[in-house]
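Dear colleague,

Please find below the sequence and the structure that I am handing over to you. My notes on what was found follow directly after them.

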Amino acid sequence: MCTLERKGNIFILTLTGPGEHRLNPTLIDSIQSALTQVRAAVTTTSASSSPAALITTAHGKFFSNGYDLSWAQSSQSRTYLMDAKLRSLVSDFISLPVPTIAAVSGHASAAGFILALSHDHLLMRRDRGFIYMSELDIELILPAWFLALIESKVGSPRARRDLLLRADKVTADVAVKKGIIDSAHDSAKETVEAAVRLGEELVGRKWNGHVYAQIRMDLMSEVLDEIRRDNGTGMRSKL
């Protein structure tokens, strides 16, 4: 599950416990509920919101190890449900009227990396963990909206190739060089501390959150189009 803590104008959403933080409907619903609380807390009127920032992090050696495939394997409808819920969650991140920061405290694999990539800023610890799009290795076809999100956030074609067509396990320092993440830090604690400093800097700009969210939605309109266009096929096994 997750917790939501507020420190002044900084919200910290933490995926709790020592496990892999696999994305299943229960965890996704818990995260989405936290976003709803943040949205309600910062919204003052239909046209403005109070300055704030959201940091997402996790306990243990995993940020998130992707979809809960063991839960889904008994029914294709469960796979569709997980994908639909993650699409809804990512849409909520994109429309959230605050800057968002992922403090990646461990491995971020497959849909877990997609969760991290849904944030505006991505910081990562360098002493443990890697980014890994595992679908090629486990013979799953990526949803089009995954690809649209990765293309919108990872600018280098070579970096996208290495993630998707080599299934590289990318450590934090390499991810900085490839332009996949913003910065690398020496521990989980230092990663969260850096995220808090960044959040405070962004809050200090006193931006109108609704304007911020609209610009983000316009910037990521192709991702939102793919999310809306998805016909429920979700993650598919090999052809």
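About 230 Å³ of space lies in the largest pocket. The model is a predicted one, in which local features need pLDDT of at least 70 and side-chain atom pairs count only at pLDDT 80 or more, while totals for chains, interfaces and linings use all residues. Residues are numbered from 1 along each chain as its sequence is written, and side-chain values use heavy atoms, with hydrogens and water left out.

On the pocket: the search used a 1 Å grid over the protein atoms alone, and a pocket is an open set of points where a 1.4 Å probe fits, with protein on both sides within 12 Å along at least five of seven lines. Its volume is the space filled by probe spheres set on the points, which are joined across faces, edges and corners. The lining (residues with an atom within 4 Å of a point) consists of 18 residues, and R22, N65, S109, A110 and S134 lie nearest the centre of the pocket. Two or more lining residues come from each of β8 (107-109) and α5 (135-138). By class, the lining has ten nonpolar, five polar and three charged residues. Here Ala, Val, Leu, Ile, Met, Phe, Trp, Tyr, Cys and Pro count as nonpolar, Asp, Glu, Lys and Arg as charged, and the others, Gly among them, as polar.

Helices (H or I, at least four residues) and strands (E, at least two) are DSSP runs, numbered from the N terminus. An open sheet is formed by four strands in the order β6-β8-β10-β12, with mixed pairing; two strands pair if DSSP finds at least two bridges between them. At the edges stand β6 (62-64) and β12 (169-170), each with a single partner strand, so one side of each has no neighbour in the sheet. Strand β10 (residues 131-132) runs antiparallel to β12 and is joined to it by two bridges, with I131 opposite V170.

Helix α3 (residues 76-95) has 20 residues and spans 29 Å from its first C-alpha to its last, close to the 28 Å expected at 1.5 Å a residue (the expected span is 1.5 Å times one less than the number of residues). Among the residues of α3 that are buried are M82, L86, L89, V90 and F93. Buried means under 20% relative accessible area, exposed over 50%, and partly exposed in between (1.4 Å probe, protein chains only).

The whole structure holds four aromatic pairs. Rings of Phe, Tyr and Trp (its six-membered ring) pair if their centres lie within 6.5 Å; planes under 30 degrees apart count as stacked, over 60 as edge-to-face and the rest as tilted. Y67 and F146 form a tilted pair, 6.3 Å centre to centre with 35° between the planes. This pair links distant parts of the chain, 79 residues apart: Y67 lies in the loop between β6 and α2 (69-72), and F146 in helix α6 (residues 144-153). Both Y67 and F146 are buried, and together with W145 they form one aromatic cluster. The ring centres of W207 and Y212 are 5.8 Å apart and their planes stand at 25°, so this pair is stacked. W207 is partly exposed, at 35% relative accessible area, whereas Y212, at 19%, counts as buried.

Finally, two backbone points. H21, in the loop between β2 (10-15) and α1 (25-42), has a positive phi near 55° although it is not a glycine; H21 is buried, at 8% relative accessible area. E139, in the loop between α5 and β11 (140-141), has a positive phi of about 60° and is likewise not a glycine; at 44% relative accessibility, E139 is partly exposed.

Yours sincerely
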